[in-house]
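Hi there,

Here is the structure I promised to pass on. Have a look at it, and then read my notes below.

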Amino acid sequence: FFFLCLLVFMSSPQQITEAFIQHYYNCFDQKNWAQLSNLYTNDSMLSFEGEEFKGAQAIVGKLQKLPGTQHKPTTKDAQPTPGGGLVVFVSGDLSIDNGQPIKFAQVFTLFPVPNNPNQLMVINDMFRLNYG
């Protein structure tokens with residue numbers, strides 16, 4: 001029930017990041033809440049514009065309340081962490097209800113699922129709109 005990445009050991013952090021970002025934003029923009037929920041655990045945290053949410057149900061509950069979106073990531077950076085995880089930084093353009101794009105930034109901490117290192121879960125997710 002987590003993001004499955006079969007090439008975790010064979011792929012570079014950038015390749016894993018690219019696959020994760022494509023999957024995450026496709027699920028988000030298509031409102032595929034079941035798939036998005038599978039990326040989080042009960043211990044996952046989301047900071048969204050200063051609000052904090054803990055657990056998959058609370059996180060997806062917040063995201064479901066948002067208007068329709070279209071994410072267009074323009075930069076993606078990743079660094080490995082001890083324990084086989086990744087810190088992922090994404091920035092880009094976000095259109096809300098087909099409006100004018102607004103800049104956004106998002107940071108994820110991804111970690112392997114215990115006893116199943118081929119699956120990654122989102123532990124931390126921080127999101128901000130960038131005005132001005």
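**Around aspartate 125**

Leaving aside its neighbours within four places in sequence, aspartate 125 is in contact with Tyr24, Tyr40, Met45, Leu46, Ser47, Gln106, Val107 and Phe108 (contact means heavy atoms within 4.5 Å). Before I go on, a word on the source: this is a predicted model, in which local features need pLDDT of at least 70 and side-chain atom pairs count only at pLDDT 80 or more, while totals for chains, interfaces and linings use all residues. Residues are numbered from 1 along each chain as its sequence is written, and side-chain values use heavy atoms, with hydrogens and water left out.

Aspartate 125 lies in strand E7, residues 116-130 (strands are DSSP runs of E, at least two residues, and helices are runs of H or I, at least four, numbered from the N terminus). Does this residue count as buried or exposed? Aspartate 125 is buried, yet has no salt bridge. Here buried means under 20% relative accessible area, exposed over 50%, and partly exposed in between, using a 1.4 Å probe and protein chains only. A salt bridge needs a side-chain nitrogen of Lys or Arg within 4 Å of a carboxyl oxygen of Asp or Glu. The nearest side chain of opposite charge, arginine 128, is 11 Å away (Lys and Arg count as positive, Asp and Glu as negative; His and the chain ends are not counted).

What the aspartate 125 side chain does have is a polar contact of 2.7 Å with the side chain of glutamine 106, and another of 3.4 Å with that of tyrosine 24. A polar contact is a pair of N or O atoms within 3.5 Å; within protein, one must be able to donate a hydrogen and the other to accept it, and residues adjacent in sequence count only if both atoms are side-chain atoms.

**Two loop residues**

Glutamate 49 is not a glycine, but has a positive phi of about 50°. Its place is the loop between strand E2 (40-48) and strand E3 (51-54), and at 30% relative accessibility glutamate 49 counts as partly exposed. Aspartate 97, also not a glycine, has a positive phi of about 50°. Aspartate 97 sits in the loop between strand E5 (85-96) and strand E6 (102-113) and is exposed, with a relative accessible area of 54%.

**The whole chain**

The chain has three helices and seven strands, in the order β-α-α-β-β-α-β-β-β-β. Buried residues make up 43% of its 132 residues.

Best wishes
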